[in-house]
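Hi there,

Here is the structure I promised to pass on to you. Please have a look at it first, and then read my notes on what turned up.

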Amino acid sequence: MTALPEVGTRRFRMPAASLGAHAGTRLSVAILVALGILTLVALFARLLAPYDPVQPIGALNLAPGAEGHPLGTDSIGRDILSRTLIGVQVSWFSSLIIVASGLVIGGLIGVAAGVFGGWVDAALMRFTDLFLALPGTLVAIAIVAALGYNLQNTLIGIAVVWWPYYARIIRGEVKSFAARPHVEAARVAGASRTRIVFRHIVPGVVPTAIVTASLDIGNVVLLLAGLSFLGLGQPAPAPELGADTARNLSQLLSEWWVPVIPGLAVLVLSLLSNLGGDAVRTLLAKRR
Amino acid sequence: MTDVATVRDLEVSLVRDGVRSDVLRGIDLSVRSGEILGMVGESGSGKSVLALAMMGLLPTSAQPRVGGTVGIGDTDMVNGRPDELRAVRRNELGVIFQDPMTSLNPTMRVGAQIDESTHDSAESLRLMTAVGIADAALRFTVYPHELSGGLRQRIMAAIAVAGRPSLIIADEPTTALDVTVQAQVLDLLRELRDEFGCSVVLITHDLAVAAQIADRVAVMYAGRIAELGPTEEIIHRPTHPYTVGLLRSRLSLDTPRDRRLLTLRPETASAAERLKGCAYHSRCPLAVEQCGVEQPPLAPAAEGTAEVSSTEHVRACWRSVSDVQGYTHDTLDAPPIAAAPSSGASDATQPAVLITGLTTVFTLKGGGRRRRQVHALRGIDLSVAAGEAVSIVGESGSGKSTLLRVIAGLAPATTGRVQLAGRGAQMVFQDAGSSLTPWLTVGDILRERLRPLKLDRAATARRIGDSLEAIGLPETVSTLRPAQLSGGQRQRVALTRATIIPPSVLLCDEPTSALDASLAASVLNLIRELRSSLDMTVLFVTHDLAVARLMGDRVVVMTQGTIVESGEADAVIRHPEHEYTRSLLASVPEIGVLS
């Protein structure tokens, strides 16, 4: 009579579901395709950029649509399209790296805590609590300030504070899977401990981890842009979306496109990655 | 007499997992004033959907399409306005669900929950007393989790009768309860009817439960009523082959122990084939050509026969009543089962399981520093000879499952010891579905068991194919995941995993309690066959005395962590010595053998 317990992750529902099952799926696939194109653009940004992003090559402050400069030029004559493309590349791959590092570090700690339990669990989770209690952004800023201002140090600074969230979620999932009857059944059937962890528990956690991570990319995009806006990214003249907006803010009323276009690029990136997270969630929920 | 509810030509289709299917296909039914109507069917027969339709609560997420009418009083529960339906639910209907823990609000005191319907605490207290709650004033202020299952169901009953309903719908109200509590809840339903004069629709998968208190019984199959009539008639003079099959596959304390258990034929037809003609034709031993073509109407069973006395009795079957009843008498005897190896035949000196002085204490962490100790097992001594089958019976909390888990090595022994014969123990769990890892295929799961043998790929595949076949599953099952299998198939896969390398001892933890009667019988047959063919010792835990008697040479009765009675199966059932065994036996719903 009773329905069997749901397999896998927490159930999520996307508002698009009201459009009908197929509409939700199609929309999700479309978003993921768009993200794929974005990744390709970021990957080949150097080839796609018409000019060297750091060399002044044109007239100053050309408006978008100017000949040879579809997005115009900035106050010292650099091509905004080239700078934005390279900026997107840096932002996008940095975000992916941060999320991947969170998933790996948090995943290892979460799985270890969930599987071993007892004092290992307690110790790892208190350690995690410690990091959760710190104001993440400030710690990242402090680390960058201490190590020096460059992209690599910014990434290290964020990675250090980014994993506890994943550790928590993954530990919880591991615990809930470890308590399921199929794990007991595997124990009785004589499976080794390692085998139980990697065959009977971890695969169940993967969907949750993927959904969590994909919903998180947008947050990282915004945080990176914010830190870069504050000057904690690559030093000038390197093209960076946040920094380009910040440095040219004084032109907002005279030549608006110079600060606004990199800002728009941040908006598109974070919007697409948030929608992408939702899409992954919808598609995974459907598969089960 | 007037009818409190009238269902006419009710057809309901629902969307499940993106597929629309017809769940109810033309139901005609009246619930009379003051009667208890039993609605019996296996899972998937549509009985719960019928209850939801009667309440006007079909889940909108399943995008229901409804044809026909459900009238309660003057209101059409299918086409009525939402506020009308609410008024009917408030004034005319009371509901009791299967699991009172999930249908009561865990954050509200139970008294306050009854007050929501009565708006008067004095009245609520009176109702609590009326539904048999002792010390109602004391229990008025507790939360649902502080009450036992039986008491929670009584609270549900108090809420159900609070609005003075003309009809109470009880959806499997006893399924989650122990057998002694089940008897109390059934008595309660009858008392509610007598005292408040309301009608009751009792939905259950167990004909015997319905037979205990129902005035009339409707047997449902695949969204249609197969047979409807006075309880006595249905139980003793069934006229539909499906009812006959249900009655015969039901296990009772009188079922012959040395014969195969009778089962319904497994479903072989596709969903589309089943929709043509009588839904039961593909499983019916009496099916003729017409059955697969034309749907039989629900017609009086008395027509043209003298064997059925009542004109109230209706059935949907093309075969004549005498054909069905003739068949009933012809085939009551099942083939005998292969003799189990006489106990001790294989290795008389060494018991397969030897448990001495076993205690298990769990420490539960309460809030803050409180720690509570639970004595799950309080000194168990048990010796099981090689090849013997022992049933362990008890209610929830008796420690029977803990005992099995300690033997399997899943729970710790606090003191005492457990010795097992050489090939160790394997276990079959209650819920086979959740005991199979959902993302692994059946092949993966079975290969894992074979790893210690270090067979090569071909030998492994052969072994898996042979084992699956021996257990009645096609070899192709090995590429499927558990979710793609039916409940019975999953339990067979779990059995295959346990026996692909035959263990000395097979531990069974209520492996059939989640299955429909006929499916359960076929799994029990299988376990008995495996026991004799693989020469295994079987320890079978169950709450059902009938099953215990069938599965064990010996029956062991447990309560509160101790063994209170142990003896040869029939001796324990016929001449129970301990008080507790007697109370268990007295609560078993029995319907007697087919006459």
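In chain A, helices α4(A) and α7(A) are oblique to each other, because angles under 35 degrees count as roughly parallel, over 145 as roughly antiparallel, 65 to 115 as roughly perpendicular and the rest as oblique. The axes of α4 (residues 118–133) and α7 (residues 164–178) come within 9 Å and cross at roughly 140°. Axes here are lines fitted to C-alpha atoms, for helices over the stretch in contact, with angles from 0 to 180 degrees between N-to-C directions. Helices (H or I, at least four residues) and strands (E, at least two) are DSSP runs, numbered from the N terminus.

Which residues meet there? From α4(A) come A:M125, A:T128, A:F131 and A:L132, and they meet A:P164, A:A167, A:R168 and A:R171 of α7(A). Contact means that the C-beta atoms, placed from the backbone, lie within 7 Å. Five of these residues are nonpolar, one is polar and two are charged. (Ala, Val, Leu, Ile, Met, Phe, Trp, Tyr, Cys and Pro count as nonpolar, Asp, Glu, Lys and Arg as charged, and the others, Gly among them, as polar.)

A word on confidence: this is a predicted model, where local features need pLDDT of at least 70, side-chain atom pairs count only at pLDDT 80 or more, and totals for chains, interfaces and linings use all residues. Residues are numbered from 1 along each chain as its sequence is written, while chains are lettered from A and ligands numbered from 1 in the order in which they are written. The mean pLDDT (the predictor's confidence in each residue, from 0 to 100) of chain A is 85, and 91% of its residues reach 70 or more. Over residues 1–20 of chain A, pLDDT stays under 50. Where pLDDT is low, the predicted coordinates should not be read in detail.

Chain A also touches chain B, with 21 residues from chain A and 25 residues from chain B. On the chain A side, α8 (181–188) and α9 (193–229) each supply at least two residues, and α8(A) gives the largest share, seven residues. That side has twelve nonpolar, five polar and four charged residues.

Finally, chain B is assigned domain 1 (3–238), domain 2 (239–336) and domain 3 (388–412 + 422–586); such bounds come from an automatic or database domain assignment. The C-alpha centres of domains 1 and 2 of chain B lie 28 Å apart, and their contact takes 17 residues from domain 1 and 22 residues from domain 2.

Best wishes

Notes: Two residues are in contact if their C-beta atoms, placed from the backbone, lie within 7 Å.
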